[in-house]
Every structure is written in C-alpha cells, then in structure tokens.
Amino acid sequence: MPALLAIIFFVLASISLRDALRAEEITATPNRPGVADPADVTQKGVVELEYGWERAFRSSEFRTRSIASGLLRFGLTEDFELRLGIDNYVTQRSDDPEGRRSGVGDTTPGFKYRLTKGDGIWPTLAFSYEVKTPTASRKKGLGSGRADHNLFFLASKDLLGLEWDFNYQLGWIGKEGKKSFDDSHLWALSLSRPLFGPVGISGEIYGGPRVNRQTPGFTGTDWALTYAVTPRVILDAGVDIGLTSAARDITYFAGITIALVDVYRRLGLKE
C-alpha cells in the first residue's frame, strides 16, 4: 500500500507539472517548509502535492537519517481539506551492530478544518487531526508499530509585514508493547516574508516537553528560503538546528509544493 501511494504521488506530479507551470488560475498554499502549518486550507476542489527530502544528523535514536516524504491534500470544501501523508522511504544508521536500516515509513491520513478567516485584528483559526498508521517496520527500528493520534490547533496572522503561524499539537503516542498512550505536547511559532521577487524567507522556533523516559523534551529552530516558480509551484530549502541536547543536531531539507489540478473545474462543478 505505501509503495502504491508513492507511485500515485509521482504520477500525479508528472502529469500535472507542465500545466501547473503554464496556468495560474489556482495557487499553492504550502504547509512546507517548517513544523507549523498555516491555518489556511487548500483551495476548494484543488489537489495539492508536497514532496520533500531531509537528512538529519545525530539524535538520541540515530547517527544519520534520511527521509523522502509526501503530503497529498484535497480541498473538499472552502474550509475543509483531506490529507494523506507518507514517509515513502526512510534510511537510518545507528550505533547498534546492524548499522544502516531502510524501508517504508509510516502513513498519516487526516484532515484540516478552517474555523474562521482572518479579519481585522483577528487571526485565521483552524484545527486538524491525523492518525499515524504504523506502516514502518518496528523490527528495523523505523517505527513504533503503534498508532499515534494528533490534534492540532492553528492560528495565522499578517502582522508588522510578516506572516505569523502558531501551532499547538496535542498527541496521544502509542506505547511499544502496550495498549496505552503517552500524552505529548508540541508548539511551533514561525514567521515568513518576501525577500525580493519570487524569493522569500521563513524562520521558526519549536519544541515540546518530556513525553516519557525514552523521549525527553527538546527545542529546535529552522530557517529556509522559498522560490515561487509560479503561484502554483513553490520550491524550498533550508536547515534545522537543535537548540537542546535531546534535539537532532542538524537537519538539511528541500522540497516542492505543487497545486496540481482543480478537480471540480475539470468535472464542470464550478466555473
């Protein structure tokens, strides 16, 4: 199933990228490149694909780790989007004798619902939910083998010439070998702005308290540049730096966001 989803991601991208570069009637609403998601949703009827790669160095769980992952989004209504994320390929090296381990990662279906549109002094508000289904190999150490549930509260606001996004995540993390869950909390505050022409910059700080004995609290920051090839195609690249000992030392990442196609318009359901 994860391999099939990966094929779908790439087929959709290859079929629609040329149209995306030529036509401008729809625009991308990237969730990349940081931890915090904006409160806005994908345009109604639009299928949007985000795909990225990251390379992380040194954490409590591994020496190096690389992930290729995708997020497929569909604007079901003006304020409601469906989401499907998958880590298509994960490879990591740890200090144990077996060395490098590779395979498919976990899959995360979910949704986002926009509660209010920003107006005047009020921010745009939304919430989202996702469930991590354990498609990654527990035997290889690529996943826990348990489902996780995450509920997100999101706020976005343009202020002082910057775009601000704040997220709070409440999670229920499945314990390995048990049927119970650990509570987790994560916050993230990001800001972004245009630099010149199609180039923009974003910065973020994020973190969370201790989850259990094996998962201590952490704080990190990430910074990225974005490039709008067109309003439908956005590229990004940046670096994530751990600010505490429990965070990953450094992570390099790059990715693309593509507003692929307006399904409702193709089906004649809107003008």
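Analyst: A residue is called buried when its relative accessible area is under 20%, exposed when over 50%, and partly exposed in between, using a 1.4 Å probe and the protein chains only. This is a predicted model, so local features need pLDDT of at least 70 and side-chain atom pairs count only at pLDDT 80 or more, while totals for chains, interfaces and linings use all residues. Residues are numbered from 1 along each chain as its sequence is written, and side-chain values use heavy atoms, with hydrogens and water left out.

User: OK, why does Lys132 count as buried?

Analyst: Lys132 counts as buried because its relative accessibility is 11%.

User: And which residues does Lys132 pair with in salt bridges?

Analyst: A salt bridge here is a side-chain nitrogen of Lys or Arg within 4 Å of a carboxyl oxygen of Asp or Glu. Lys132 meets Asp148 at 3.2 Å, N to O, and since Lys132 lies in strand β6 and Asp148 in strand β7, the pair ties together parts that are 16 residues apart in sequence. Lys132 also forms a salt bridge with Asp106, where the closest N and O atoms are 3.8 Å apart. Strands are DSSP runs of E with at least two residues and helices are runs of H or I with at least four, numbered from the N terminus.

User: Is Asp148 buried or exposed?

Analyst: Asp148 counts as buried, because its relative accessibility is 10%.

User: How many salt bridges does the structure hold?

Analyst: There are 12 salt bridges in the structure. One of them joins Arg83 and Asp37, with the closest N and O atoms 3.1 Å apart; Arg83 sits in strand β3 and Asp37 in the loop between α1 and β1, 46 residues apart. Both Arg83 and Asp37 are buried.

User: Is Leu160 buried or exposed?

Analyst: Leu160 counts as exposed, because its relative accessibility is 75%.
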